[in-house]
Protein chains: 2
Amino acid sequence: MWSDNQLTRKLKIQYPIIQAGMAGSTTPQLVAAVSESGGLGSIGAGYYTAQQLLEDITQVRQLTKKPFAVNIFVPSQQSTTNNQIEHMNAWLKPYRRALKLEEPVININERQTFERAIDIIIDQQIKVCSFTFGIPNTDTIKRLKNAGITVIGTATSVDEAIANERAGIDIIVAQGSEAGGHRGSFLKLGPKEHEAMIGTMSLVPQIVDAVTVPVIAAGGIMDGRGVLASLVLGASGVQMGTAFLTSSDSKASPLLRESIINSKETDTVVTKTFSGKYARGINNQFIEDMQQYPDIIPEYPIQNQLTNLIRKEAAKRGNKELTHMWSGQSPRLATTLNASALMSKIVNQIDTLLSGV
Amino acid sequence: MWSDNQLTRKLKIQYPIIQAGMAGSTTPQLVAAVSESGGLGSIGAGYYTAQQLLEDITQVRQLTKKPFAVNIFVPSQQSTTNNQIEHMNAWLKPYRRALKLEEPVININERQTFERAIDIIIDQQIKVCSFTFGIPNTDTIKRLKNAGITVIGTATSVDEAIANERAGIDIIVAQGSEAGGHRGSFLKLGPKEHEAMIGTMSLVPQIVDAVTVPVIAAGGIMDGRGVLASLVLGASGVQMGTAFLTSSDSKASPLLRESIINSKETDTVVTKTFSGKYARGINNQFIEDMQQYPDIIPEYPIQNQLTNLIRKEAAKRGNKELTHMWSGQSPRLATTLNASALMSKIVNQIDTLLSGV
């Protein structure tokens with residue numbers, strides 16, 4: 001049975017399919033629908049306050065008794081200067097003027113938000129906690145594991161996977177270059193600026209060979225073919241973002257949903273433009289304009305906060321040229337099914353594929 | 001049976017595994033060993049004169065009676081100016097001086113070489129002809145097909161795959177971003193300079209859904225896991241380059257072989273530096289230096305000819321900083337097995353994987 005493996009047993013789920021956190025686009029309905037369908041839903045708490053996280057947990061629990069995950073961002077050092085912020089604010093002025101927006105007040109309390117989220121996850125006895133943008137410190141990992149919580153990390157290269165395993169992480173998501181949204185990279189590795197942009201077909205078996213913990217494939221996986229191919233490559237499961245983003249259960253705007261459905265696989269780029277961290281999304285004017293930006297883009301989370309209102313207001317007005325439209329490289333495989341129907345379709349597709357062997 | 005499908009029946013081979021042409025690194029021994037092992041070997045005739053092509057065909061036929069392919073490059077328009085060539089020659093002067101080399105005489109007769117190769121392929125009744133860098137004109141495709149020759153094209157995007165099918169191409173190689181060596185891209189598609197750099201996991205199912213002809217997956221495939229995963233994604237077979245490049249049957253220098261075996265997956269970059277066309281190889285000083293180059297790099301095949309002697313001489317001297325070292329993104333999976341042993345290993349691995357289903 002393809003779905004009975006070390007991952008499903010460890011997470012106590014029926015199918016080795018995880019819905020990616022997708023901070024900003026996940027709803028309690030989506031999380032619960034994926035878990036109810038036998039997968040593992042994830043609350044995308046990356047940008048949440050403690051209050052928002054608690055509300056989402058409560059809502060998910062009203063909808064399902066099955067396990068689900070909370071995904072949070074690991075805070076990182078950043079060294080953006082006030083000068084760089086001023087330059088960016090000057091650059092963003094025309095957009096703000098066009099959208100009638102004020103300059104935002106930067107408010108960085110990543111570390112505090114992170115610590116509060118960990119407390120809540122332990123306090124609420126969440127079953128699974130997944131991390132993006134790095135590895136939390138040893139104490140945090142110990143606290144979570146002592147509380148019986150399974151800890152999932154993200155790696156975009158073999159070295160990052162090994163670092164996760166050494167830190168005591170239980171399960172590693174291998175994020176291939178096809179993946180939409182933020183790159184989980186946290187080590188300076190390759191010779192290129194984009195860091196580790198390794199395709200899923202290459203990344204998964206190389207990580208599987210290098211670690212002993214279960215590996216979850218991510219990047220470009222949209223249907224039963226992608227799920228089964230990932231298992232064949234040695235992964236114990238998959239994580240899917242874009243596939244659930246266009247589902248009717250997500251918080252994605254109709255604009256984003258339609259943009260993904262109507263995109264070609266060649267329409268996405270990897271850009272630091274919106275948040276200060278590299279992320280894959282559909283190319284647009286905001287990204288193109290920023291190619292002329294003469295200074296260094298402020299780091300995450302500063303750039304994220306500087307562009308936040310512009311993106312929100314543009315999305316509200318149906319302007320897709322000034323907002324982020326995260327998508328992986330398989331938009332042609334996107335559907336508008338709800339999450340439950342998508343899960344059923346994937347399971348049926350795998351059964352059909354296996355019956356043909 | 002995994003190996004009995006439309007591709008193996010069409011090509012009259014036992015296993016749906018094709019050795020990539022790898023112009024400059026393929027030997028008649030490698031081609032024959034792959035075909036004798038039940039796959040399809042390919043003579044990499046991209047840089048060959050008519051004489052060299054005929055010699056290779058004769059030698060392969062002395063070693064095997066099984067079918068094999070000839071891979072050739074489709075000539076493209078190019079618009080490099082004399083000024084650009086002069087600038088590049090000035091840039092390359094220090095390298096030539098260090099290696100005691102003269103400035104080469106540029107000699108472009110791509111079209112003529114291409115036409116002669118087609119004549120030879122028809123005349124010699126080669127079973128399969130595969131193309132890189134574009135689609136030949138209708139007359140050429142008709143001549144080949146009328147002669148009973150199966151014609152394989154290369155696509156790095158769905159649009160390129162559709163263009164291949166419309167032109168009457170029989171089988172399409174879907175080349176994912178993980179692939180080593182030259183990108184087969186020929187249409188201006190994406191918003192990025194690198195054109196269509198779509199990961200294999202994303203590219204294969206999207207192309208399979210868009211065309212009716214058999215699709216061959218390429219990019220990052222090194223072992224039985226990659227072959228079977230590609231079939232699950234909907235491909236009818238795979239094409240492998242790097243996996244055969246480090247085999248003892250290839251013409252790869254010990255330098256290149258060792259460099260690949262000792263590389264990490266993050267060590268490669270995609271660069272126009274060596275040939276004027278984008279290709280994936282292990283990063284080195286020559287590539288780094290060229291990032292400072294202030295003018296436009298001459299197009300293929302001019303840049304290829306301008307750097308040719310430098311690369312050859314550097315390789316001869318064991319200097320890996322000044323020569324091209326093509327490799328895909330899975331160097332950690334490379335072996336030094338000979339081609340026949342590698343084929344057996346892959347077949348056994350697939351049998352094991354399938355027995356576990």
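In chain B, 3 strands form an open, antiparallel sheet in the order β7-β11-β10, where strands are DSSP runs of E with at least two residues and helices are runs of H or I with at least four, numbered from the N terminus, and where two strands pair if DSSP finds at least two bridges between them. This is a predicted model, in which local features need pLDDT of at least 70 and side-chain atom pairs count only at pLDDT 80 or more, whereas totals for chains, interfaces and linings use all residues. Residues are numbered from 1 along each chain as its sequence is written, chains are lettered from A in the order in which they are written, and side-chain values use heavy atoms, leaving out hydrogens and water.

**The sheet in chain B**

- β7 (181-182) and β10 (268-271) of chain B stand at the edges with a single partner strand each, so one side of each is left without a neighbour in the sheet.
- β7(B) is joined by 2 bridges to the antiparallel strand β11 (residues 279-282) of chain B, and B:His182 stands opposite B:Ala279 in β11(B).

**Salt bridges within a chain**

- Over all chains the count comes to 22 salt bridges, each defined as a side-chain nitrogen of Lys or Arg within 4 Å of a carboxyl oxygen of Asp or Glu.
- In chain A, the side chains of A:Arg111 and A:Glu115 meet in a salt bridge with an N to O distance of 3.4 Å; the two residues are 4 apart in helix α5 (residues 110-123), a separation of about one helical turn.
- A:Arg111 has a relative accessible area of 45% and A:Glu115 one of 27%, and both values fall in the partly exposed class, which lies between buried (under 20%) and exposed (over 50%), with a 1.4 Å probe and protein chains only.
- In chain B, the side chains of B:Glu265 and B:Arg332 form a salt bridge at 2.6 Å, N to O.
- That pair links distant parts of the chain, 67 residues apart, with B:Glu265 in the loop between α11 (254-261) and β10 and B:Arg332 in the loop between α13 (302-316) and α14 (339-355).
- B:Glu265 is buried at 1% relative accessible area, whereas B:Arg332 is partly exposed at 32%.
- Through shared partners, salt bridges join A:Asp159, B:Lys264, B:Glu265 and B:Arg332 into one network.

**A salt bridge between chains**

- The side chains of A:Lys264 and B:Asp159 meet in a salt bridge of 2.6 Å, N to O.
- A:Lys264 lies in the loop between α11 (254-261) and β10 (268-271) of chain A and B:Asp159 in helix α7 (residues 158-166) of chain B, so the pair joins two chains.
- A:Lys264 is partly exposed at 34% relative accessible area, and B:Asp159 is partly exposed at 22%.
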